[in-house]
Amino acid sequence: MEDDENTHQLSIYRAARSIKRRDNTLYNALRSIYDDSVFVGEIFQLWPDLPLLANLRCGLWYSPTFHATCYFKSTDGHNNNWSFNTSRLNLHVAQLAGQKGGCFIVDATRRGKRFPDSMSKTIPIWACVLNRSIHNHRERMRQIALGESSACDEHSVDTRQMPVDWDYSLHLPLWVSGTERASIEKRLEEWTQQLDASGADISSLASSLKKPLRPLWISQKTVIWLNEVPDHESWDFTPIILVSASSPSGIVQRRTSSEFSWNYIPGAGDDEESWARGLIPSLFWNRAYDIINAGPEMCNQMVADIVEKDRVSRARRGQDAPQATVKAPNLVPRPDHCLNNDESQLATNIANININRNSSDEDSDISWLGSTNLAVGTSQNAGISKVDCILNCDKESISADPKAYLHLPMLTSKFDRFSLLNNLPSTVNFAKLNLSQGKTLLICCDNGEDISVSVCLAILTALFDDEGTFDGGNFFSETCITKLEMRRRLITLCKYVVNARPSRGNLKQVFNFLSCGRAGSTNMST
């Protein structure tokens with residue numbers, strides 16, 4: 001009898017899995033994304049002067065063109081797990097919003113919710129903490145200016161220009177309960193202190209933002225009267241317009257067109273590894289019309305052909321493509337190998353970021369760290385970048401001059417908790433050998449966001465002083481590296497590599513390497 005009951009339960013489980021597999025087909029996912037992108041485009045046209053940002057990675061599917069990307073995690077907004085993560089400050093978002101008067105952020109969520117927790121709580125917490133830190137900075141400047149007003153009339157003018165009414169209260173959507181709001185508010189001062197201690201350049205941010213940040217929420221159920229759309233410049237805040245791309249319906253929606261029918265999937269762009277079959281957003285939007293018009297029967301084969309053709313094209317380009325010069329815009333390398341602290345220049349670069357998913361220009365995948373001669377990028381573009389030497393952390397090797405190339409395959413901490421730790425001594429040796437000769441160094445991995453960023457952080461900490469000047473490790477050998485110091489270096493790195501998303505496990509390995517004397521004991525002779 002018990003066996004019959006277990007068999008019955010197993011049959012129900014198998015039936016549920018079968019139904020889920022049938023509904024979550026590749027065509028259903030792509031067609032759902034395509035339909036939702038129409039809504040995103042309509043909302044963008046309401047305020048076309050504002051830049052459109054994708055919240056990685058799900059949001060990147062919902063438009064063919066984005067001005068930039070950001071990374072706000074839903075887990076930082078989960079109930080009783082709220083967090084303000086100084087490793088993911090997204091300061092470029094605030095800089096861009098300050099320069100353009102606001103911005104859009106696009107994301108999506110699965111069935112049953114109107115907005116992901118990244119939009120409901122993570123981004124509102126982020127905006128509030130930044131506003132509080134800017135308010136504290138301006139108050140300090142105001143007090144300094146008032147104290148020196150008799151000696152400096154110009155300072156007095158700057159003080160009068162500072163807005164007195166700076167809103168730094170927490171703005172949450174109505175569906176967040178009062179109890180949860182109160183719990184979050186208790187943590188705000190702690191998070192603000194963490195931000196102030198992190199070494200983030202709040203002064204530059206304060207000069208960019210003329211009005212405080214404030215989130216607004218728009219979903220497919222939001223009612224907007226087209227004849228009453230306000231001018232964003234009329235608001236007394238800098239809007240961060242959070243667009244949840246998907247329909248929040250909790251039931252399966254069967255949709256039809258003149259030729260095909262399909263099941264609509266809310267938040268279809270989420271967890272792309274489980275359904276995309278190697279397809280990425282840029283490839284999808286290059287052939288979106290062909291894929292959608294192919295229908296459910298031909299979709300899988302067409303996607304397989306597109307992915308394979310792209311793989312072959314990349315392999316050929318890495319071997320045979322002509323060398324292309326990759327330069328950091330407006331940043332000219334200097335002999336002293338130091339970070340460029342010109343924040344106005346950095347702000348200009350951020351304002352000009354544009355990610356066109358239909359473009360074949362891949363230069364945006366390589367980011368230079370000021371004038372340090374260090375660059376971070378993807379291994380796919382390493383072969384066409386004109387750099388002096390390459391440190392490849394990807395599992396696949398690339399074609400390069402053996403005398404100026406080091407291949408150290410590394411796995412993320414999810415698969416190997418010691419992969420980075422075991423390879424970091426060799427990476428620092430290689431970096432010192434080449435940087436000491438004035439050569440440029442590209443550090444690359446499969447996505448240019450995690451492993452390569454973590455390795456670059458180790459090199460930046462081990463071989464550069466606290467002002468970002470290359471010294472071959474002299475400063476490091478005399479300094480005890482703390483988590484706070486490493487976090488400051490990471491924040492500096494993220495100002496240039498705006499798509500950086502190092503995992504916690506990889507950062508832990510970098511800290512263990514730096515703090516346990518392994519970097520100091522490494523033979524880093526030139």
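Visitor: Where is Thr122 found?
Guide: Thr122 is in helix H4, residues 117–147. Helices here are DSSP runs of H or I with at least four residues, strands are E runs of at least two, and both are numbered from the N terminus. This is a predicted model, in which local features need pLDDT of at least 70, side-chain atom pairs count only at pLDDT 80 or more, and totals for chains, interfaces and linings use all residues. Residues are numbered from 1 along each chain as its sequence is written, and side-chain values use heavy atoms, with hydrogens and water left out.

Visitor: Is Thr122 buried or exposed?
Guide: Thr122 counts as buried, because its relative accessibility is 5%. Buried means under 20% relative accessible area, exposed means over 50%, and partly exposed is in between, with a 1.4 Å probe and protein chains only.

Visitor: And which residues does Thr122 touch?
Guide: Leaving aside residues up to four places away in sequence, Thr122 touches Phe72, Lys73, Ser74, Asp76, Gly77 and Asp117. Contact means heavy atoms within 4.5 Å.

Visitor: Switching to H3, how many of its residues are buried?
Guide: In H3 (residues 91–100), 8 of the 10 residues are buried, so this helix is largely enclosed by the rest of the structure. Those buried are Leu91, His92, Val93, Ala94, Gln95, Leu96, Ala97 and Gly98.

Visitor: What comes just after H3?
Guide: Gly101, with a positive phi of about 90°.

Visitor: Which residue other than glycine has a positive phi?
Guide: Asp271 is one of them, with phi near 55°. Asp271 sits in the loop between strand E8 (261–264) and helix H8 (281–286), and is partly exposed at 40% relative accessible area. Asn373 also has a positive phi, about 70°, although it is not a glycine. The loop holding Asn373 runs between strand E10 (366–368) and strand E11 (374–378), and Asn373 is buried, with a relative accessible area of 6%.

Visitor: Where is the cis peptide bond involving Arg57?
Guide: The bond from Leu56 to Arg57 is cis, with omega near -5°. Arg57 is in the loop between strand E1 (52–55) and strand E2 (65–66). Most residues other than glycine have a negative phi, and most peptide bonds are trans.

Visitor: Now the sheet with E10. What is the strand order?
Guide: The order is E10-E11-E14-E12-E13, an open sheet of 5 strands with mixed pairing. Two strands pair if DSSP finds at least two bridges between them. E10 and E13 (405–407) are the edge strands, each pairing on one side only. From one strand to the next, the twist averages 15°.

Visitor: How many bridges join E12 to E14?
Guide: There are 4 bridges between E12 (residues 389–392) and E14 (residues 441–445), and these strands run parallel. Asn392 stands opposite Cys444 in E14. H12 packs on the sheet, touching E11, E12 and E14, and its direction makes about 145° with that of E14.

Visitor: How do H11 and H12 cross?
Guide: The axes of H11 (residues 419–435) and H12 (residues 451–463) come within 9 Å and cross at roughly 60°. Axes are lines fitted to C-alpha atoms, for helices over the stretch in contact, and angles run from 0 to 180 degrees between N-to-C directions. H11 and H12 are therefore oblique to each other; under 35 degrees counts as roughly parallel, over 145 as roughly antiparallel, 65 to 115 as roughly perpendicular and the rest as oblique.
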